[in-house]
Amino acid sequence: MCRSNATFIVLSLFLIFFCDTTSSECVQETPCTCSLPNGYYYNLTALADAKSFSTTRDNYTVYFHPCTNVNITIENKANCSTENVSLCILHNVNKTVLTGTVKETKMKLSDNDKFPIFEIHHNDTKIIVNIVCFMGDKETSFVLDSVSAKTYVFKLVSPHGCKLQREIGLSTGSLLVILFFVSAGVYFIGGIIVLKALRGATGWEMVPNHEFWCKLPSLVRDGVVFAFNCCRAGSYERI
């Protein structure tokens, strides 16, 4: 019984303190930055001050300005939209225009978690901009990769698309976790040594307050049941 309860305690502590760090989600902080749980991050904010990128393929001419909405001018110096936008897709044949804004854009990792992307949803259309890291003197390039039903896929190759590492010290949460495990280590290891040396304890008897730790999972279970029964005294008595 004590062995299974101990396993429950260890597993619970692991889930509480380490599950967040195993996530690979890149949390968006600004329109062009997102952070990974391992301390790395992506930052394309420098592209906000650059000119709009443009590319032409097949029957499409596309203008893209990451990070901010701007007044994009298309052919004949006409405005792409009456409002500032970050993306403008012009069909050169039927002259239809599709736009996207920073508000409609989400920066996250690709489905295989290998590189960041901009994902834009405008009405029933999905636009994906794959961000490719290129360490070199080459300037940022923007190309149209493919077009399918209601989906456009682009590629943005830039030195600003590379993964960066933050240079920061330990956070308050990290310090508390370290303090917790150090205190727990001193408590259990020190207690085991003292009980073994002074009382000749063996097995589970070497664990400080081993009776309490054996009963802890049952106490937690009773507390949860009590809470879900709206903290009524009658419900607790039935437990």
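In the predicted model, C26 and C34 form a disulfide with their sulfur atoms 2.1 Å apart. The link of C26 and C34 is right-handed, with 90° about the S-S bond. C26 has a relative accessible area of 5% and C34 one of 0%; C26 is therefore buried, and C34 likewise counts as buried, the cut-off being under 20%. A search of the whole structure finds 4 disulfides, and three of these are described here, including that of C26 and C34.

A further disulfide joins C32 to C67, with an S to S distance of 1.9 Å. The torsion about the S-S bond of C32 and C67 is about -100°, so this disulfide is left-handed. C32 lies in the loop between β1 (27-30) and β2 (33-35), whereas C67 lies in the loop between β5 (60-64) and β6 (87-91); the pair therefore ties together parts that are 35 residues apart in sequence. C32 counts as buried at 2% relative accessibility, and C67 also counts as buried, at 12%.

C80 and C88 form another disulfide, in which the sulfur atoms are 2.0 Å apart. Here the torsion about the S-S bond is about 100°, so the disulfide of C80 and C88 is right-handed. Both of these cysteines, C80 and C88, are buried.

Key:
Residues are numbered from 1 along each chain as its sequence is written. This is a predicted model: local features need pLDDT of at least 70, side-chain atom pairs count only at pLDDT 80 or more; totals for chains, interfaces and linings use all residues. Side-chain values use heavy atoms; hydrogens and water are left out. A disulfide is a pair of cysteine sulfur atoms within 2.5 Å. Buried means under 20% relative accessible area, exposed over 50%, partly exposed in between (1.4 Å probe, protein chains only). Helices (H or I, at least four residues) and strands (E, at least two) are DSSP runs, numbered from the N terminus.
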